[in-house]
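Here are my notes on the two-chain model you sent. Please read them with the structure open.

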Amino acid sequence: MHSPQPNPDTRTSDDWPSELHRILKAADVRQMSYVPDAGHSQLIRMFSADPDVTTNVLTTEEEGIAIAAGAWLGGQRSVLLMQSSGVGNCINMLSLSAIGRFPLLMLVTMRGEWAEFNPWQVPMSRATQPSLEAIGLKVMRAETPDDLVETVESAASLAYESDQQIAVLIGQRLIGKKKW
Amino acid sequence: MSMQAQLDRRAAVAVLLKNRKDTLVVSGLGSPTYDLHSVGDHDGNFYLWGAMGGAALIGLGLAQAQPGKRVLALTGDGEQLMGLGGLATIGVARPRNLDIVVIDNQHFGETGMQASHTGRGVDLTAIAAACGFAATGTVRTTGEVERLAAQIAEPAEGPRLFVIKVLAENPPRSLPSRDAVFIKNRFRAHLGFAAA
């Protein structure tokens with residue numbers, strides 16, 4: 001199985017999307033689904049250009065929960081990308097992952113918590129972690145690029161090797177301010 | 001106005017799955033899960049008891065992981081209506097091995113037989129066609145279900161969605177295990193994957 005090799009010489013803190021791609025490939029992720037977020041745009045491009053990974057653009061984030069369960073039934077690992085506003089769309093569908101103990105890895109870019117211009121992002125931002133925990137997910141957070149890479153590596157292992165349901169929240173401070 | 005449906009749902013599903021061979025089946029919550037179980041439990045069945053709107057999308061993830069196998073999402077009109085956006089996602093993904101069959105009684109049968117959208121003019125096959133499905137159709141008789149069973153056994157150019165119009169009635173329940181971990185592990189073992 002082809003996997004991009006880590007190259008410590010070119011590892012820079014602002015190239016965390018490449019690092020996440022490398023980690024998820026090393027974890028044998030074969031399906032990726034997403035509702036776009038600007039913070040995920042580079043990772044989405046890398047997966048979309050990857051012939052070994054099937055990507056699905058979704059109309060609503062909960063679809064990705066179901067796709068991930070189906071992928072696992074068929075023997076493949078899946079990752080789901082979204083922003084925090086999409087977490088609210090997922091809650092009932094997460095019953096499937098929780099009750100079936102399906103491996104689940106969600107990477108959630110946070111909005112509404114750091115230098116946010118759009119106040120409509122704030123309520124769901126506040127509800128993101130409590131609602132995920134209420135439905136039974138383990139929530140991990142990263143605030144720096146180095147921390148994010150390590151966190152996703154650990155989360156991938158927990159999800160795919162230990163049948164856990166994990167959401168990694170990527171702090172808005174890490175993503176940077178959206179330009180208006 | 002639509003014609004009055006005459007088909008018994010259990011009889012229709014029995015005809016549809018009579019020669020299923022190695023088709024993998026995901027059933028939507030409520031009656032489709034009971035229908036699927038009623039024709040005989042099978043290791044290649046994944047029964048939903050919740051996750052409304054997710055049956056066809058579980059089918060998508062499964063079809064993408066198992067491109068050499070035919071996958072059938074067997075669901076109801078209410079379940080598919082909750083996942084309308086998923087038809088767009090499936091249309092874009094364009095799996096060649098996924099069929100959706102909607103057992104359409106035009107009602108929410110589990111909750112008191114309230115009329116659903118499909119009994120009020122909404123046509124799921126037209127929505128699927130607009131989403132780029134390779135084939136769609138509506139069947140109303142046993143003979144048509146027999147032809148549909150033969151059709152979905154054949155290769156396709158992309159996803160297909162068919163509606164089987166059935167009588168609005170709740171036959172005696174045929175209950176599979178509600179233990180999703182057991183059903184999941186049994187399903188994966190059927191495909192040769194070990195439990196964690």
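1. Chain B, overall. Chain B holds eight helices and eight strands. Its radius of gyration is 15 Å. The globule rule gives 16 Å for 196 residues, so chain B is as compact as a globular protein of that length. Along the principal axes, the C-alpha trace of chain B spans about 50 × 35 × 30 Å. Keep in mind that this is a predicted model.

2. Chain B, burial and contacts. Of its 196 residues, 47% count as buried. Take the contacts in chain B between residues at least 6 apart in sequence: 75% of them join residues at least 24 apart.

3. Chain A, overall. The count here is eight helices and six strands. Read from the N terminus, the order of elements in chain A is α-β-α-β-α-β-α-α-β-α-β-α-β-α. The radius of gyration of chain A is 15 Å, close to the 16 Å from the globule rule for 180 residues, so chain A too is as compact as a globular protein of that length. Its C-alpha atoms fill a box of roughly 45 × 45 × 25 Å, taken along the principal axes.

4. Chain A, burial and contacts. Buried residues make up 47% of the 180 in chain A. Among contacts in chain A with a separation of 6 or more, 74% come from residues 24 or more positions apart.

5. The interface. How many residues of chain B are in contact with chain A? The count is 27 residues of chain B, in contact with 27 residues of chain A. On the chain B side, α3, α5 and α8 (180-190) each supply at least two residues. Which element gives the most to that side? It is α3(B), with eight residues. By class, the residues of the side of chain B that touches chain A divide into 16 nonpolar, nine polar and two charged.

6. The α3/α5 pair in chain B. Two of the helices that supply this side also pack on each other: α3 (residues 55-65) and α5 (residues 84-93) of chain B. Their axes lie 9 Å apart, at an angle of about 20°. Angles under 35 degrees count as roughly parallel, and α3(B) and α5(B) are therefore roughly parallel to each other. The crossing of α3(B) past α5(B) is left-handed.

7. Residues in that contact. From α3(B) come B:A56, B:L57 and B:L60. They meet B:G86, B:T89, B:I90 and B:A93 of α5(B). Five of the residues in this contact are nonpolar, two are polar and none is charged.

8. B:H37. This residue sits in helix α2 (residues 31-38) of chain B. Is B:H37 buried or partly exposed? B:H37 has 19 C-beta neighbours inside 10 Å. A residue needs 20 or more to be buried, so B:H37 counts as partly exposed.

9. Contacts of B:H37. Leaving out residues up to four places away in sequence, B:H37 touches B:Y47, B:S174, B:L175 and B:P176. Look at B:P176 in particular. B:H37 and B:P176 are 139 residues apart in sequence, yet their C-alpha atoms are 6.0 Å apart in space.

Notes:
Residues are numbered from 1 along each chain as its sequence is written. Chains are lettered from A and ligands numbered from 1 in the order in which they are written. This is a predicted model: local features need pLDDT of at least 70, side-chain atom pairs count only at pLDDT 80 or more; totals for chains, interfaces and linings use all residues. Axes are lines fitted to C-alpha atoms, for helices over the stretch in contact, and angles run from 0 to 180 degrees between N-to-C directions. Helices (H or I, at least four residues) and strands (E, at least two) are DSSP runs, numbered from the N terminus. Angles under 35 degrees count as roughly parallel, over 145 as roughly antiparallel, 65 to 115 as roughly perpendicular and the rest as oblique. A crossing is left-handed if the near helix is turned anticlockwise from the far one by less than a right angle, and right-handed if clockwise. Two residues are in contact if their C-beta atoms, placed from the backbone, lie within 7 Å. Ala, Val, Leu, Ile, Met, Phe, Trp, Tyr, Cys and Pro count as nonpolar, Asp, Glu, Lys and Arg as charged, and the others, Gly among them, as polar. The radius of gyration is taken over C-alpha atoms; the globule rule is 2.2 Å times the number of residues to the power 0.38. A residue is buried if 20 or more other C-beta atoms lie within 10 Å of its own, exposed if 12 or fewer, and partly exposed in between; C-beta atoms are placed from the backbone.
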